[in-house]
Amino acid sequence: MTARLIVFPVRGRNWCFSRSIQHSITGSESAQNPSTLKDLWKKISTEKPVRENAELLVDFVSNKMNKGWSGLEKAPEGSFKNRIYGLGLRLLARVKPSEIFLKSISKDITKVEVAFPSSLNPRLVRRRLRHIALRFTKENLAMCTRGAVIHKKYFYGSILPMPNIPFFWVLFRTYSHWRALQGSEKLIQLVTDCSEIQNSGNGDSDGTESKSKFGTHDLAGPPWVLKPSEDLEKLLHCKDDEGGLSQCAITDICKNFDLNANDVLKYRNSL
């Protein structure tokens with residue numbers, strides 16, 4: 001599967017890294033995930049590796065959490081569930097946009113198409129992609145370990161006759177960091193230079209594949225395609241008073257390239 005990534009500066013040294021929304025693919029992925037415990041039991045097999053079974057279980061729990069979140073979103077105004085939903089939105093607003101981006105890089109992606117303003121150096125764009133992936137590989141690994149330890153502290157609150165919000169929040173953040181960690185490792189694998197892989201690989205020099213710690217690559221062509229965009233370049237000329245992209249420019253970019261406007265605004269407003 002090919003993912004389309006959009007990269008562009010939003011204010012000063014702040015760059016936006018986002019993946020275009022693909023509704024059809026998202027729907028097909030959710031349809032493949034087990035929806036009931038019976039379906040989950042059928043898909044889990046002792047013949048499969050433990051990692052695959054664990055991912056099935058995580059996907060099942062994630063779908064249940066998403067359905068529960070959708071239920072809170074539809075709750076009547078002023079109700080207790082509606083207040084919990086409002087609290088959840090305030091908490092989610094604190095999540096880093098780079099984490100959201102890395103979570104969108106799934107294991108099924110085999111190639112990335114990177115669109116960026118034509119005035120930028122392609123090597124700089126790919127280097128920035130690798131930088132964000134490498135940096136968050138270390139950070140997310142630490143946060144996953146910390147979250148797995150902390151969530152035990154809130155587990156005992158589950159006996160109370162009310163929603164244990166701290167426990168579910170810490171559980172969600174641990175899951176989110178784990179997904180972002182997987183995405184960062186996958187992104188490193190996809191944007192790593194083929195010449196670097198060939199030098200560090202174990203295969204023969206005349207082979208068509210090379211293996212490294214980032215995975216297996218086809219040396220006939222890189223798993224990334226850099227595409228300078230004149231349309232994106234034109235949309236970057238509309239600035240605000242602080243030198244960043246204006247609200248109008250961000251809206252146009254999100255509309256033309258199928259991006260989430262809230263995530264792009266987080267990049268612009270981050271320090």
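Modeller: Two residues are in contact, or touch, when heavy atoms of one lie within 4.5 Å of heavy atoms of the other. The structure is a predicted model, in which local features need pLDDT of at least 70 and side-chain atom pairs count only at pLDDT 80 or more, whereas totals for chains, interfaces and linings use all residues. Residues are numbered from 1 along each chain as its sequence is written, and side-chain values use heavy atoms, with hydrogens and water left out.

Biologist: Which residues does Val112 touch, not counting residues up to four places away in sequence?

Modeller: Val112 belongs to the largest nonpolar core, where Phe8, Phe101, Val112 and Ile253 touch the most other members. Such a core is a set of buried Ala, Val, Leu, Ile, Met, Phe, Trp, Tyr and Cys residues joined through side-chain atoms within 4.5 Å, and buried means under 20% relative accessible area, exposed over 50% and partly exposed in between, with a 1.4 Å probe and protein chains only. With residues up to four places away in sequence left out, the partners of Val112 are Ala3, Leu5, Leu190, Val191, Pro223, Trp224 and Val225.

Biologist: Which face of the packing does helix H10 supply, and against which elements do the buried residues of H10 pack?

Modeller: The buried residues of H10 (residues 247-257) are Ala249, Ile250, Ile253, Cys254 and Phe257. Seen down the axis of H10, these fall within an arc of 130°, so they line one face of the helix; the arc is taken over the directions from the helix axis to the C-beta atoms. The elements that they pack against are E1, strand E6 (224-229), helix H9 (230-235) and helix H11 (261-269).

Biologist: Against which elements do the buried residues of H11 pack?

Modeller: At the start of H11, a side-chain oxygen of Asn260 reaches to within 3.0 Å of the backbone nitrogen of Asn262. Within H11, the residues Asp263, Val264, Leu265, Lys266, Tyr267 and Arg268 are buried. They pack against E1, E2, helix H4 (80-92), helix H5 (97-103) and H10.

Biologist: Where does the side chain of Arg19 find a backbone oxygen, and is Arg19 buried or exposed?

Modeller: Arg19 is placed in strand E2 (residues 14-19) and counts as buried because its relative accessibility is 15%. Its contacts beyond four places in sequence include Met1, Phe101, Ser104 and Asp258. A polar atom of the Arg19 side chain lies 2.5 Å from the backbone oxygen of Ser104.

Biologist: Which side chain makes a polar contact with the side chain of Arg173?

Modeller: Arg173, in helix H7 (residues 165-191), is buried, with a relative accessible area of 16%. A polar contact is a pair of N or O atoms within 3.5 Å; within protein, one must be able to donate a hydrogen and the other to accept it, and residues adjacent in sequence count only if both atoms are side-chain atoms. At 2.7 Å, the partner of the Arg173 side chain is Glu99.

Biologist: Which residues does Ala133 touch, not counting residues up to four places away in sequence?

Modeller: Ala133 lies in helix H6 (residues 122-155) and, at 0% relative accessibility, counts as buried. With residues up to four places away in sequence left out, it touches Ser184, Leu187 and Ile188.

Biologist: How many disulfides does the structure hold?

Modeller: A disulfide is a pair of cysteine sulfur atoms within 2.5 Å. The sulfur of Cys16, a residue that is buried at 0% relative accessibility, is 7.3 Å from the closest cysteine sulfur, in Cys254, and therefore too far for a bond. The sulfur of Cys248 is likewise too far for a bond, because the closest cysteine sulfur, in Cys238, is 5.3 Å away. The number of disulfides is zero.

Conventions
Helices (H or I, at least four residues) and strands (E, at least two) are DSSP runs, numbered from the N terminus.
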